[in-house]
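Me: I've got a model open and I'd like to work through it with you. Can we go step by step?

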Amino acid sequence: MNSDCIFCRIIKGDSSAKFVYKDIDLVAFHNIRPDAPVHVLIVPVEHIESINALEERHSALISKMMLKAKEIAEELGIKDSGYKLVINVGSGAGQVVFHLHIHLIGGWGKI
Ligand code: AMP
Ligand code: ZN
């Protein structure tokens, strides 16, 4: 937990978000500024700054995040219409929240 981190505050319940999933390892919530009709962020509970900070011990967690992305895509009805999974790594790539997250983006055909 890093109290300067917006995603840690959301996970702790100190800041609000529209959750689509929560468990002991990861959460998922709607992006406050969506770039598409569906734009969900899949976020580990552990404060990991980025892919660059990943360690071997995170292997199962990363795998779980990818599988959860697929499940959420299915639940939100965009599994077959297509979606993107994006991870920005570092400010040069556009990362602005330094708590690892996968963007699940899609639903263009729905609206
Ligand atoms: P990135 O550029 O990969 O670091 O993406 C960070 C994303 O977090 C941006 O798309 C923001 O719109 C989103 N974001 C920032 N603050 C919040 C928040 N309080 N709730 C939901 N999404 C947020
Ligand atoms: Zn954090």
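Me: Which element gives the largest share of the shell around ligand 1?
Reply: This is a predicted model, so keep that in mind as we go. Two elements give two or more residues to the shell: β2 (26–30) and α1 (6–12). The largest share is three residues, and it comes from α1.

Me: Which residues come nearest to ligand 1?
Reply: There are 16 residues around the ligand. By class they split into eight nonpolar, seven polar and one charged. The ones that come nearest are N31, G94, V96, H101 and H103.

Me: How far is an oxygen atom of ligand 1 from an N or O atom in the side chain of N31?
Reply: A polar contact here is a pair of N or O atoms within 3.5 Å. N88 has a polar side-chain atom 2.9 Å from a ligand oxygen, and G94 uses a backbone N or O atom at 2.7 Å. For the side chain of N31, the distance to an oxygen of ligand 1 is 2.6 Å.

Me: And how much of ligand 1 does the protein bury?
Reply: Picture ligand 1 taken alone: it exposes 510 Å². Now put the protein back, and the part of that area that gets buried is 88%.

Me: What is the volume of the largest pocket?
Reply: Ligand 1 takes up the space of this pocket. Its lining has 22 residues, with F7, N31, I32, R33 and L41 closest to the centre. The volume comes to about 460 Å³.

Me: Which element gives the most to the lining of the largest pocket?
Reply: Sorted by class, the lining has ten nonpolar, nine polar and three charged residues. Elements that each supply at least two of the lining residues are α1, β2, β3 (38–44) and β5 (102–106). With three residues, the one that gives the most is α1.

Technical notes:
Residues numbered from 1 in each chain as written. Chains lettered and ligands numbered in written order. Predicted model: local features only at pLDDT ≥ 70, side-chain atom pairs only at ≥ 80, totals over all residues. Heavy atoms only, no water. Near = heavy atom within 4 Å. Polar contact = N/O pair within 3.5 Å; in protein donor to acceptor, adjacent residues only side chain to side chain. Areas by Shrake-Rupley, 256 points an atom, 1.4 Å probe, with all protein chains shown as cover. 1 Å grid on protein atoms, 1.4 Å probe; cavity = no way out; pocket = protein on both sides within 12 Å on 5 of 7 lines; lining within 4 Å. Sits in = over half its atoms within 2 Å of the grid points. Helix = DSSP H or I, 4+ residues; strand = E, 2+ residues; numbered from the N terminus. Nonpolar A, V, L, I, M, F, W, Y, C, P; charged D, E, K, R; others polar. Points joined across faces, edges and corners; volume = space filled by probe spheres on them.
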